[in-house]
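Hi,

Here's the structure I promised to pass on. Have a look at it first, and then read my notes below.

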Amino acid sequence: MRIKIKEFHIQKWMIARIFALGLPSFIMNALSSFMVTFVNLFLVAYSDTAIAFFGAYFKVQQLIVMTVNGLIQGCLPIMRFNYGAGNRDRLHTAFRYGTALVSGMMILGTLTVNFFPAQLLELFTASKAMRSFGISAMRIMAASYLFCGLSTMISTYFQATEKVGSSIAIQLCRQLLFLVPALWCLDKLFQLNGIWLAFPVAETATMLIALIIMAWYRHKNIL
């Protein structure tokens, strides 16, 4: 087979679809950086130690979350291929197995952080002041993993089945629309502990929204 460059043509509609269907993944990764900035804006009112702690915690979180995201991104093309082929049984099977694996990994991550918070902080040579609030803070924020995996998997399912708007909405809820108001409200109510509590609150609310959207699609026989 001879490949001739002059036979290649840019198809604008295909380029547009590639960008549109890949947009949820882009937003998910981009919002992580913005989320750190938003949280630091609240933490700066307390101490540099709180900011340093969140930086250390975020690295631990990324180690867990990025491992899970690797599995989720592996499920995405499998679901997408079967959706395109009209094989709904394999699409739903991939979603169920992927969700089970993601949930199991998130539970393992939650248990690890809850049982070994001091040891994890020691990896970053945490000071006594950081450990005084950091151990309980890690346990509070780790609770969000239990809900994060399911909502992210549902968002990926919507991305695979061309429900791009719903997929983007879930990602925006997770790291912006629910998180920022939760940070503001809980900071006023519980001070520093409220900032840590905002993460599981936002993730729980996002998971409920994701389940409601999926239930609505299934009620309409769209999925």
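Gly134 is buried, with a relative accessible area of 0%. Buried here means under 20% relative accessible area, exposed means over 50%, and partly exposed is anything in between, using a 1.4 Å probe and protein chains only. You'll find Gly134 in helix 5, which covers residues 128-142. Helices are DSSP runs of H or I with at least four residues, strands are runs of E with at least two, and both are numbered from the N terminus. Setting aside residues up to four places away in sequence, Gly134 touches Phe53 and Leu121; contact means heavy atoms within 4.5 Å. Phe54 is 80 residues from Gly134 in sequence, yet 8.6 Å from it in space, C-alpha to C-alpha.

Before you go further, a word on how to read this: it's a predicted model, in which local features need pLDDT of at least 70, side-chain atom pairs count only at pLDDT 80 or more, and totals for chains, interfaces and linings use all residues. Residues are numbered from 1 along each chain as its sequence is written, and side-chain values use heavy atoms, with hydrogens and water left out.

Now the nonpolar core. That's a set of buried Ala, Val, Leu, Ile, Met, Phe, Trp, Tyr and Cys residues joined through side-chain atoms within 4.5 Å. The largest one has 55 residues, and Phe53, Phe54, Met79 and Trp196 have the most contacts inside it. Helix 1, helix 2 (48-84), helix 3 (88-115), helix 4 (117-122), helix 5, helix 6, helix 8 (179-190) and helix 9 give two or more residues each to this core. Helix 2 has the largest share of it, with 14 residues. In soluble globular proteins, nonpolar side chains tend to be buried together. What does Phe53 touch, not counting residues up to four places away in sequence? The list is Leu121, Met130, Phe133, Gly134, Ala137, Met138, Met141 and Trp196.

On to charged pairs. A salt bridge is a side-chain nitrogen of Lys or Arg within 4 Å of a carboxyl oxygen of Asp or Glu, and a search of the whole structure finds four. Here are some to look up:

- Glu162 and Arg17 meet in a salt bridge at 3.0 Å, N to O. This pair links distant parts of the chain, 145 residues apart: Glu162 is in the loop between helix 6 (145-160) and helix 7 (164-177), while Arg17 is in helix 1 (residues 12-43). Glu162 is partly exposed at 34%, and Arg17 is partly exposed at 36%.
- Glu122 pairs with Arg131, with their closest N and O atoms 3.1 Å apart. Glu122 is partly exposed at 41%, as is Arg131 at 29%.
- Arg174 pairs with Glu203, with 3.2 Å between the closest N and O atoms. Arg174 sits in helix 7 and Glu203 in helix 9 (residues 192-219), 29 residues apart. Arg174 counts as buried at 9%, and Glu203 is buried at 8%.

There's also a network of salt bridges that links Arg17, Arg80 and Glu162.

Ser151 ties in with that last pair. This serine is found in helix 6 and is buried, with a relative accessible area of 0%. Apart from its neighbours within four places in sequence, Ser151 is in contact with Ile170, Arg174, Glu203, Thr206, Met207 and Ala210.

How many disulfides are there? A disulfide is a pair of cysteine sulfur atoms within 2.5 Å, and by this rule the count is zero. For Cys75, the nearest cysteine sulfur is that of Cys148, 14 Å away. For Cys148, the nearest is that of Cys173, 13 Å away. Cys75 counts as buried at 10%, and Cys148 counts as buried at 4%.

A cavity is a set of points, on a 1 Å grid over the protein atoms alone, where a 1.4 Å probe fits but cannot get out; lining residues have an atom within 4 Å of a point. Points are joined across faces, edges and corners, and the volume is the space filled by probe spheres set on them. The search finds one cavity of 30 Å³ or more. The largest cavity has a volume of about 40 Å³, and its lining is made up of Pro24, Ser25, Met28, Gln73, Ser155, Thr156, Gln159, Ser167 and Gln171. Helix 1, helix 6 and helix 7 each supply at least two residues of that lining.

Cheers

Key
1 Å grid on protein atoms, 1.4 Å probe; cavity = no way out; pocket = protein on both sides within 12 Å on 5 of 7 lines; lining within 4 Å.
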